[in-house]
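Hello,

I am handing over the structure we talked about. Please open it first, then read my notes on its salt bridges below.

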Amino acid sequence: MAKLFLFGIGGTGSRVIRSLTMLLAAGVEIKNCDTVVPIIIDPDARNGDMNRTVELLKTYARLRKSLQPAPAVGDFFHTDIKTLSAIAQTGSGDVKDAFVYDFGNINESFRDYLHYDRMPVESRHLVDLLFTPENLASPLTVGFKGSPNVGSVVLNGLMGSAEIQAFANNFNEQDGDRVFFISSIFGGTGAAGFPLLLKNLRYPDLSSGQRLPNEKALREAPMGGLTVLPYFKVNPSAESAIDSRFFITKTKAALSYYETNLRGLNSLYYLADPVTKSYDNQEGGANQTNGAHFIELVGALAVFDFMAHSKAELQGQELFFEYGLEKDDRPVRFGSLDPDKSLQLLGRALTRFQLFATFLTHGLPGTMDAVFAKTLQLPAEWKHDDFYRALRELLDNPAYGFTPWLKELAANDRSFAPFQLGSADYNDLVYGQRVETGFFDKGIVTNSLRKSLDDNATKVGHPTKPGQFVELFSKVMRETVDSKIKGF
């Protein structure tokens with residue numbers, strides 16, 4: 001069972017993982033992988049972006065657990081998502097069943113974290129040279145406030161943790177396991193955590209006494225990374241230590257460091273966007289919930305691209321990638337994407353899933369008397385079964401659901417708005433792709449779609465009712481979109 005260990009470092013890491021989860025829900029195939037194991041690293045335990053991603057992952061995992069055996073390749077929810085604890089065969093120790101690395105709720109200043117007042121005077125002088133008084137006074141409860149020099153000190157403690165030990169214990173290169181890092185380069189947590197983790201996994205300091213299991217496998221396994229350059233700004237605030245005027249300066253400094261010191265990565269993906277919307281200046285906490293951004297969606301594509309390369313293609317290589325649109329559009333539609341790569345991955349899969357979500361909202365309530373609904377026992381189970389509850393949460397939860405995610409993407413700048421959101425007219429589902437074939441009816445419930453569901457309801461072969469539901473809707477939505485919506 002090939003696993004992808006996905007390290008999401010800092011707020012950008014969480015936001016990219018949110019987009020990746022949506023694509024996996026839509027059935028986008030991730031090659032050379034059966035299970036994705038997200039490990040989110042963020043010292044800000046109340047971070048809004050992190051926590052809504054965690055809730056999404058928990059919902060997906062709960063939903064996916066009902067789909068055993070796995071849905072077929074290309075069907076919705078084909079790829080499994082599990083916590084580190086759930087896949088652990090050995091060395092699980094004190095690892096919690098969670099998607100987030102446990103920092104133990106650091107509730108002190110950086111000065112106290114260093115035990116500054118107990119240091120010898122010479123050591124204090126050295127610390128004073130390396131860190132400003134503001135750095136030392138900064139509370140760590142909300143992360144590192146764009147200061148990677150602070151983050152590198154705190155994050156260095158990761159390597160002796162139960163989580164990293166459990167990860168290494170359960171890493172199996174022979175099964176095809178891989179590692180991918182997601183981080184930004186212009187903040188604090190990501191800029192510090194990415195190179196630190198890579199160095200310690202690839203080239204650990206043997207003199208430190210902290211040895212990882214499976215060191216040889218970790219040295220030789222494919223590893224990739226996404227580093228996100230500035231793609232937004234924050235509003236000026238005298239009360240915040242974060243100032244987006246310095247994002248580019250920090251990026252240049254970090255890139256200079258990466259050029260010399262970032263070794264052992266098989267594939268590195270760079271992303272940025274000069275279109276920079278300004279967000280509220282939140283140093284962290286529950287109020288840090290930035291709307292989903294197109295760059296984060298593209299960041300998720302980097303994971304698919306990395307996994308599509310065979311181990312032989314990556315062995316001994318240091319590959320570097322950038323991303324470009326087919327058309328520099330605002331907003332971005334499907335026609336803005338490279339037709340041979342991005343559109344092939346996103347177009348049909350997202351359209352099928354959006355048609356699926358639209359039908360469940362607008363069509364299903366009026367079709368509970370249909371053959372397919374009775375075959376799947378939907379009249380009795382739709383409102384109460386745990387699987388369907390999780391499905392509705394994943395689609396519609398206002399904090400992290402699929403439909404709110406699409407709305408956030410459409411409202412951002414640069415926006416990604418391929419769908420007519422809120423419309424129950426399936427003919428106008430995709431911008432620029434009005435269907436005039438007569439397959440769809442103009443009303444909320446389409447007779448042709450209902451007939452297709454009825455005709456296929458008795459042909460699905462999954463042994464469970466949730467599995468039959470996913471198999472049926474995946475098949476019908478695939479046939480509907482592939483035959484009637486052109487241009488993908």
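Is aspartate 49 buried or exposed, and why? Aspartate 49 counts as buried because its relative accessibility is 0%, and the cut-off for buried is under 20%. Bear in mind that this is a predicted model.

Aspartate 49 has a charged partner. It forms a salt bridge with arginine 52, with 3.2 Å between the closest N and O atoms. Both residues sit in helix 2 (residues 48–65), three residues apart, or about one turn of the helix. Arginine 52 is also classed as buried, because its relative accessibility is 10%.

Arginine 18 and glutamate 408 meet through their side chains in a salt bridge of 2.8 Å, N to O. This one links distant parts of the chain: arginine 18 belongs to helix 1 (residues 10–25) and glutamate 408 to helix 18 (residues 402–411), 390 residues apart. Both arginine 18 and glutamate 408 are buried.

The side chains of aspartate 328 and arginine 414 come to 2.6 Å, N to O. Aspartate 328 is in the loop between strand 9 (319–321) and helix 14 (342–363), and arginine 414 is in the loop between helix 18 and helix 19 (447–457), so the pair ties together parts 86 residues apart in sequence. Aspartate 328 counts as exposed, at 64% relative accessibility. Arginine 414 is buried, at 5%.

Finally, the wider picture. Shared partners join Arg15, Arg18, Asp49, Arg52, Glu296 and Glu408 into one salt-bridge network. The structure holds 22 salt bridges.

Best wishes

Note on methods: Residues are numbered from 1 along each chain as its sequence is written. This is a predicted model: local features need pLDDT of at least 70, side-chain atom pairs count only at pLDDT 80 or more; totals for chains, interfaces and linings use all residues. Side-chain values use heavy atoms; hydrogens and water are left out. A salt bridge is a side-chain nitrogen of Lys or Arg within 4 Å of a carboxyl oxygen of Asp or Glu. Helices (H or I, at least four residues) and strands (E, at least two) are DSSP runs, numbered from the N terminus. Buried means under 20% relative accessible area, exposed over 50%, partly exposed in between (1.4 Å probe, protein chains only).
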